[in-house]
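Q: Please take a close look at one part of this model for me, the charged side-chain pairs. I'd like to know where the partners sit and what surrounds them.

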Amino acid sequence: MTDAVTNGAQTKAPSGWRVAVLGSGAWGTALALAMLRAGHFVRLYARDPDTVAAIDRGENPHYLPGIAIEPGIVATSDIAAALDGANCVLAVTPAQSLRAVLTAAAGHVPSGVPLVLCAKGIERDTGALLSSIVEKNLPDNPVAALSGPSFASDVARGLPTAGIAARIAAERGIEAPIIAAVAAILDGKVTIGQAVTALMTRPLKTETDI
């Protein structure tokens with residue numbers, strides 16, 4: 001049995017940005033729902049065709065059991081299709097998968113389209129911060145980072161939550177879709193210290209929780 005959206009959250013008719021969400025885990029699916037409710041067109045990239053089929057049925061039982069996925073999210077295992085015409089990209093893949101996903105995405109993200117990092121971590125083999133991976137693979141795209149405090153299940157249910165959207169490349173409008181998704185935004189420049197500190201907020205979590 002799935003839960004209906006709570007706390008008065010409603011889906012608006014799409015009229016906003018075209019948002020591509022890369023990653024169909026709990027957090028990626030929750031952010032896709034938040035973008036949909038805010039009135040944006042949403043495409044959700046999932047590597048697993050079974051996950052695409054489940055989202056098409058209105059659920060993501062492996063990552064968000066018991067939560068209904070509202071109609072309107074276009075799920076696909078074709079990364080080019082997910083990114084086609086996107087005005088903003090949310091990267092919600094685990095840290096150790098980010099480089100491979102962005103390598104596949106690189107030829108399909110238009111220059112100047114902002115990318116928002118929505119996952120935490122440091123690349124194990126290189127020690128690279130996620131922002132550095134983005135800058136290497138998508139040098140012509142401004143980067144932002146979204147952090148909590150928030151839980152994917154709360155966001156998916158439409159409950160009040162808070163978040164920080166910090167700009168690494170200060171481009172006008174990069175935070176626009178995120179403002180509609182969270183209850184509070186603190187906008188600023190990310191430093192290496194802040195990026196590393198963010199990793200300490202959930203020390204017992206693993207990349208599979210994203």
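A: Of the chain's 210 residues, 46% count as buried, meaning a relative accessible area under 20%, while exposed is over 50% and partly exposed lies in between (1.4 Å probe, protein chains only). Keep in mind that this is a predicted model, so local features need pLDDT of at least 70 and side-chain atom pairs count only at pLDDT 80 or more, whereas totals for chains, interfaces and linings use all residues. Residues are numbered from 1 along each chain as its sequence is written, and side-chain values use heavy atoms, with hydrogens and water left out.

Taking contacts (heavy atoms within 4.5 Å) with a separation of 6 or more, 70% are between residues 24 or more positions apart.

Now the pairs. Side chains of opposite charge can pair when their charged atoms come close. This structure holds 3 salt bridges, the cut-off being a side-chain nitrogen of Lys or Arg within 4 Å of a carboxyl oxygen of Asp or Glu.

Take Glu70 and Arg37, whose closest N and O atoms are 2.7 Å apart. Glu70 is in the loop between α2 (49-56) and β3 (74-76) and Arg37 is in helix α1 (residues 26-37), so the bridge ties together parts 33 residues apart in sequence. Both ends are tucked away: Glu70 is buried at 14% relative accessible area, and Arg37 is buried at 9%.

That α2–β3 loop also holds Ile73, which is buried too, with a relative accessible area of 9%. Leaving out residues up to four places away in sequence, Ile73 touches Ala32, Leu33, Leu36, Val42, Leu44 and Ile55. With Leu36, 37 residues away along the chain, the C-alpha separation is 7.0 Å.

The pair of Glu59 and Arg57 has an N to O distance of 3.4 Å. Here Glu59 is partly exposed at 27% relative accessibility, while Arg57 is exposed at 57%.

Then there's Arg99 with Glu123, at 2.6 Å from N to O. This pair links distant parts of the chain, Arg99 being in helix α4 and Glu123 in the loop between β5 (115-117) and α5, 24 residues apart. Arg99 is partly exposed, with a relative accessible area of 25%, but Glu123 is buried at 8%.

Helix α4 (residues 95-105) and helix α5 (residues 130-137) pack at about 10 degrees, with axes 10 Å apart; axes are lines fitted to C-alpha atoms, for helices over the stretch in contact, and angles run from 0 to 180 degrees between N-to-C directions. That makes the two helices, α4 and α5, roughly parallel (under 35 degrees; over 145 is roughly antiparallel, 65 to 115 roughly perpendicular, and the rest oblique). From α4, Ala95, Leu98, Arg99, Leu102 and Thr103 meet Leu130, Ile133, Val134, Lys136 and Asn137 of α5. By type, that contact comes to 6 nonpolar, 2 polar and 2 charged residues.

Terms used:
Helix = DSSP H or I, 4+ residues; strand = E, 2+ residues; numbered from the N terminus. Nonpolar A, V, L, I, M, F, W, Y, C, P; charged D, E, K, R; others polar.
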